[in-house]
Amino acid sequence: MKTHAHLSIGAIFLSLALVSCEDKISPTLENAAPILAVDAWINNKPGKQVVVLSQTQGYFDATNPPGITGALVTIINNSGKVYSFVEDPLSVGNYVWMPAANEVFGPVGQSYTLAIQLNGESFRASSRMGRVPAIDSISFETEKRIGSLDSITRAAFWATDPVGSGDTYWIRSFKNGVPLSKPQEINIAYDGGFSAGGVADGVVFITPIRRRINAVDKDANGKQLSPIAIGDSINVQIHSVTLAAFDYLNQVSIQTNRPGGFQELFSTPLANVSTNVTNTNINGSKAIGFFNVSAVSTAGKRYKK
């Protein structure tokens, strides 16, 4: 009898959950004061580097976050070199560092401190530029769909994690010059695998990571489209990131890649992602966002049948 009672209660709960999923609600959220949002992903690729400062806004506000003007932005490495970021008059909220001829941001192995002076407050964040492996090649593989006459073509990159545990990476990919930026397309690696427990130090990146450089697109009927067609180009970048940045990207993926519907009942609860930006005054205003300095390796290839 006790077992049947539990089953009945479970069935009732499930029924209520299903009914509740049909209800549309419009919750009233409290208005929170806007705070500083920092987007500072710096790398050693040739060209300008940009720190973006904006204000947070209401959850249901679909407009672009307003940029912040009048800040003083610098990055200092542990050798004392100062990189000054100048406010871009043509793009509100963008602060730009322009390299001299043949100069790149770096070097690898050094630590960096981001300093932001804004409205009498001082914000800080730190990062270290880690090593990054070279990309040996990019390959394409075509296979027949199960139970279908058509085929699907995917790309994969080939690279080997250097010996020495603890390297973390963000693998970014671009199709025909357009970055793949959907939540399910965030591709991160700990050494050559998914996590510290993967025991993948010093090996070729595992297959799921190597293949996760492909676009995730479906047609109107929900059928997976072939990521690669004849003439498409793929560019892959491996960015070294700190462990804190690795955790941040993982949190972003979890919080933005939401299944919706009934599955949402069993998903990770919504929560704020972490930040490494802090106010030097413990009683001062808060900030969100992240600062990371990356070394980058890159490779590209066009698919020709």
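Okay, so the protein chain here comes to three helices and 16 strands, where helices are DSSP runs of H or I with at least four residues, strands are E runs of at least two, and both are numbered from the N terminus. Before going on: this is a predicted model, so local features need pLDDT of at least 70 and side-chain atom pairs count only at pLDDT 80 or more, while totals for chains, interfaces and linings use all residues. Residues are numbered from 1 along each chain as its sequence is written, and side-chain values use heavy atoms, with hydrogens and water left out.

Nine strands make an open sheet with mixed pairing, in the order 14-7-6-3-4-5-2-1-15; two strands pair if DSSP finds at least two bridges between them. At the edges sit strand 14 (278-279) and strand 15 (287-294), each pairing on one side only. Helix 3, residues 243-256, packs on this sheet and touches strand 1 (36-43) and strand 15, and its direction makes about 125° with that of strand 15. Contact means heavy atoms within 4.5 Å, and for the angle, axes are lines fitted to C-alpha atoms, for helices over the stretch in contact, with angles from 0 to 180 degrees between N-to-C directions.

Now, inside the sheet. Strands 1 and 2 form a hairpin with five residues between them, and Gly47 in that turn has a positive phi of about 115°. They run antiparallel, joined by four bridges, and Asp39 has Val52 as its bridge partner in strand 2. Val52 also stands opposite Asn94 in strand 5; strands 2 and 5 are antiparallel too, again with four bridges.

What about the core? The largest nonpolar core has 27 residues, and Leu53, Phe85 and Phe105 touch the most other members. By nonpolar core I mean buried Ala, Val, Leu, Ile, Met, Phe, Trp, Tyr and Cys residues joined through side-chain atoms within 4.5 Å, with buried being under 20% relative accessible area (1.4 Å probe, protein chains only). Phe85, by the way, is the strand 4 bridge partner of Val73. As for Phe105, leaving aside neighbours within four places in sequence, its contacts include Ile42, Ile75, Phe85, Trp97 and Val293. There's also a second, separate core of 17 residues, including Ile171 and Ile228.

Last, the whole-chain numbers: 36% of the 305 residues count as buried. Among contacts with a separation of 6 or more, 63% come from residues 24 or more positions apart.

How values were computed
Buried < 20%, exposed > 50% of the residue type's maximum accessible area, 1.4 Å probe, protein only.
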